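Colleague: I have a few questions about this one. Can we go through it together?
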Amino acid sequence: MLKNISGMRRRISALGLSANRSSRKTLKQTSGVKNNSGFKYDRFSNITSDSLKELGTSASLGDYRVKAAKSMLTLSKSCGNFDDAMKKNLSDEGVPENISFKFDYDVNSGEAKITEISDEKYLSGVQNALNKSMKKVDIDSIANASKILNGKMTEAYYSVVAEALEKCFGQDISELSVDRRGNIMGMNRKMRDAVASELSNLRFNAKSQYGFPSKKLASVVKSVISDKSANSNVSHMSFERGSFKTADGDISVGKNCSSLPMKDTSIVLRAAAAGDPSSLDLWVENGDLFK
C-alpha cells in the first residue's frame, strides 16, 4: 500500500501538481529572512532558488537578475526605436507633435486600432504613421513582454502553445478543454499518448521528445486553455509627447523600462521571461511567482 501511494505521489509530482502546496509552505517559512549582508529577501527568494535547482540549471537568482536587466535594456531600446520611427512617420504625414493617441495592438492579427486621439482630423495620418512604424519595430515582442511583466502569462504564451501543439501532435488547441476533475478533454491520439506517457514516466521531457517549448506538457496546456481570455492577446498602448508606452497593468513598458526596480523576485523572473517569451519552463516551475 505504501509503495502504491509513493508511486502516485511521484506521478503527481511529474505533472507539477504538488508545487503549489509546497510553495505555500515554503513562502510562509521564508518571509522576511535576512542574509549576512543585512539585505532583506523578499518572500519568494528561497523557494525560487530551490525551484531553479529542480530545473536542473546552475542559474541562481543573481543570474536571473542579470538576464532580467539585459531583457529590460533590449526592450527599452526597442521602445526607443519605435519612438523614433513614430516621430518621423507622423512628421511625414503632417501630424503636429502635440497630437497624442491610444491604440490597441492585436498580437494574433498583427493589427493596431486607434481607440482615442486628441484631434480627430489627424486620425488617418496617425493610422498611416502607426502602420509604417510597426513594420520597422518588432512590436509583437514589446506587446508580449508587457503582458509577461504584468503577470498575464497565458495571453503571452497562448499562440506559442497553440502553434507547438499543431506542430508536435497535429492537435488543434481550440478542440481542447478541461473538465471538473482537471482532465484534458478533446485530445487526439498522438497527444493523448504523450500525456499518458508523462503520467507514467518521471523522466518524461516534452521538449526533447517532441520539440514542445516546455519540458512539461499537460500542466502547460491546462494553464493556457483554462484561461478563456488567453486566445485574445490585445495589448493597450499609447503615444504621447513623443513617447510610446503600454498600459496592460501596473507595469508600463516604454523607453525608460530599463530602470524598472528589481526588488521583488516575481518582477525579476517576469523580466527575465519577458526577454525570452518562447521559454515556458521558468513559468511552469514557478507559477505562483508570476501572479
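Colleague: Is Asp-92 buried or exposed?
Modeller: Exposed, because its relative accessibility is 51% and the cut-off is over 50%. This is a predicted model, so side-chain atom pairs count only at pLDDT 80 or more.
Colleague: What does the side chain of Asp-92 meet in a salt bridge?
Modeller: Lys-88, at 3.0 Å from N to O. Both residues sit in helix α4 (residues 61–92), 4 residues apart, which means about one helical turn separates them. Lys-88 is partly exposed, at 46% relative accessibility.
Colleague: How many salt bridges are there?
Modeller: The count is 5. One of them joins Lys-216 and Glu-285, with the closest N and O atoms 3.6 Å apart.
Colleague: Where do Lys-216 and Glu-285 lie?
Modeller: Lys-216 is in the loop between α9 (206–210) and α10 (218–226), and Glu-285 is in helix α12 (residues 281–285), so the pair ties together parts 69 residues apart in sequence. Lys-216 is buried at 14% relative accessible area, whereas Glu-285 is partly exposed at 21%.
Colleague: Switching to confidence, what is the mean pLDDT of the protein chain?
Modeller: The mean is 82, and 79% of the residues reach 70 or more. Over residues 1–49 the pLDDT is below 50, though this stretch has 49 contacts in the model beyond near neighbours in sequence.
Colleague: And where is confidence lowest and highest?
Modeller: Lowest in helix α2 (residues 19–30), at a mean of 34, and highest in strand β1 (residues 101–106), at 98.
Colleague: How many helices and strands does the protein chain have?
Modeller: 12 helices and 6 strands.

Note on methods: Residues numbered from 1 in each chain as written. Heavy atoms only, no water. pLDDT = per-residue confidence, 0-100. Helix = DSSP H or I, 4+ residues; strand = E, 2+ residues; numbered from the N terminus. Contact = heavy atoms within 4.5 Å. Salt bridge = Lys/Arg side-chain N within 4 Å of Asp/Glu carboxyl O. Buried < 20%, exposed > 50% of the residue type's maximum accessible area, 1.4 Å probe, protein only.
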